[in-house]
Amino acid sequence: MEEVMLDRDDIAALSSDARVAILKSLDIRPMTISELADGLGLARSTVHEHLGVLADTDLVTHENARKWRDYALTEKGRRILHPGKSHRVIIILGTSLI
């Protein structure tokens, strides 16, 4: 059984409805910022910001195969959307000392 570890940053990234909508859109096919913005009714700058958060948590990646940058789900992003029987999602909650 493969495990998908989610830490505090992953949970924060998934706490936004817009970011979850982006992940679901990218589950259909890779898309550009403009395609995502048009499909979700958001500004391109807003989508760009959300994609940055999702990329920082390794949920999406981008490809420069053409003139435009296509964003796509990573394997981790796919497993979160489709956990299946062979995957287990583990949430890691830790405390920090000051």
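I take a residue as exposed when its relative accessible area is over 50%, and as buried when it is under 20%. I keep in mind throughout that the model is predicted.

**Entry 1, helix α3.** I looked up the face of α3 turned away from its buried side, and there I found the exposed residues D38 and G39. I then turned to the buried residues of α3, which spans residues 33-40, and noted I33, L36 and A37. Seen down the axis of α3, these buried residues fall within an arc of 100°, so I read them as lining one face of the helix. What do the buried residues of α3 pack against? I found α2 (17-28), α4 (44-56) and β3 (70-73) as their partners. Just after α3, I noted that G41 takes a positive phi of about 70°.

I located K76 in helix α5, which covers residues 75-81. Leaving out residues up to four places away in sequence, I listed V4, M5, L6, D10, T57, D58 and L59 as the residues that K76 touches. For K76 and L6, which lie 70 residues apart along the chain, I noted a C-alpha separation of 9.6 Å.

I counted 5 helices and 4 strands, and from the N terminus on I read their order as β-α-α-α-α-β-β-α-β. Of the 98 residues in the protein, I noted that 31% are buried. Among contacts with a separation of 6 or more, I found that 60% come from residues 24 or more positions apart. The protein exposes about 6500 Å², and I noted that carbon and sulfur atoms supply 53% of that area.

Definitions and conventions: Residues are numbered from 1 along each chain as its sequence is written. This is a predicted model: local features need pLDDT of at least 70, side-chain atom pairs count only at pLDDT 80 or more; totals for chains, interfaces and linings use all residues. Side-chain values use heavy atoms; hydrogens and water are left out. Helices (H or I, at least four residues) and strands (E, at least two) are DSSP runs, numbered from the N terminus. Contact means heavy atoms within 4.5 Å. Buried means under 20% relative accessible area, exposed over 50%, partly exposed in between (1.4 Å probe, protein chains only). Accessible areas come from the Shrake-Rupley method with a 1.4 Å probe; for residues, only the protein chains shown count as cover. The arc is that of the directions from the helix axis to the C-beta atoms.
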